[in-house]
Amino acid sequence: MPIQCTEAEWKIMEVLWDRSPRTIAEITKALEPKTGWSRHVVITLLKRMEEKGTVAVDESGSAKRYTPKVSQQKANTEETGKFLSHVFKGDVSLLINHLVDSDRITADDLQEIIDAMRKAGK
C-alpha cells in the first residue's frame with residue numbers, strides 16, 4: 001500500500017518514528033514548539049492518518065497510544081522515488097547534476113555517494 005502523507009502528517013510520523021507509542025498529549029508536546037499546533041489539530045491529523053492506515057491506535061489504556069504502521073526506511077524510499085520520478089523524470093543523474101550545479105552538494109557528499117555505490121556493488 002502506498003504511503004500517502006501530507007507535510008503535516010509527515011511531521012507526526014517523524015515524532016512517532018523517534019519514539020512510540022505516544023499519546024496525543026506527548027505528540028502535541030513534541031510538535032508544539034515547532035508548529036504551534038493545538039491538541040485539536042493533532043487529533044484531527046491522527047484521525048486522518050488512522051483512516052489512511054499510516055498509524056495504529058491502541059485504546060486499551062486510559063489514553064490512546066499511537067504507533068506508526070510503516071517504517072521510516074520504507075516511507076523515505078517511497079517519498080524519494082516519488083520525488084525523483086516527479087521532479088527529475090526518474091533520472092538520478094539529473095538530480096546529482098542539479099545538486100552539483102546549485103552548489104548543494106560537496107565533494108565529501110559525492111565521495112559518500114561513490115562509497116555507497118561501491119559498497120552496494122553497483
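Is Arg 22 buried or exposed? Arg 22 is buried, at 5% relative accessibility. The model behind this value is predicted.

## Salt bridge at Arg 22

Arg 22 forms a salt bridge with Asp 18. Their closest N and O atoms are 3.4 Å apart. Asp 18 counts as exposed, at 61% relative accessibility.

## Other salt bridges

The structure holds three salt bridges. One of them joins the side chains of Lys 52 and Glu 9, at 2.7 Å from N to O. Lys 52 sits in helix H3 (residues 39-52) and Glu 9 in helix H1 (residues 7-18), so this pair ties together parts that are 43 residues apart in sequence. Glu 9 is buried, at 1% relative accessibility. Lys 52 is partly exposed, at 33%.

Lys 82 and Glu 79 also meet in a salt bridge, with 3.2 Å from N to O. Both residues lie in helix H4 (residues 72-88). They are three residues apart there, so about one helical turn separates them. Lys 82 is partly exposed, with a relative accessible area of 35%. Glu 79 is partly exposed too, at 26% relative accessibility.

## Aromatic pairs

The count comes to two aromatic pairs. Trp 10 and Trp 17 form an edge-to-face pair. Their centres are 5.3 Å apart, with 80° between the planes. Trp 10 is buried, at 19% relative accessibility. Trp 17 is buried as well, at 16%.

Phe 83 and Phe 88 form an edge-to-face pair, at 5.8 Å centre to centre and 70° between the planes. Phe 88 is buried, with a relative accessible area of 11%. Phe 83 counts as partly exposed, at 41% relative accessibility.

Note on methods. Residues numbered from 1 in each chain as written. Heavy atoms only, no water. Phe/Tyr/Trp six-rings, centres within 6.5 Å; stacked < 30°, edge-to-face > 60°. Buried < 20%, exposed > 50% of the residue type's maximum accessible area, 1.4 Å probe, protein only. Salt bridge = Lys/Arg side-chain N within 4 Å of Asp/Glu carboxyl O. Helix = DSSP H or I, 4+ residues; strand = E, 2+ residues; numbered from the N terminus.
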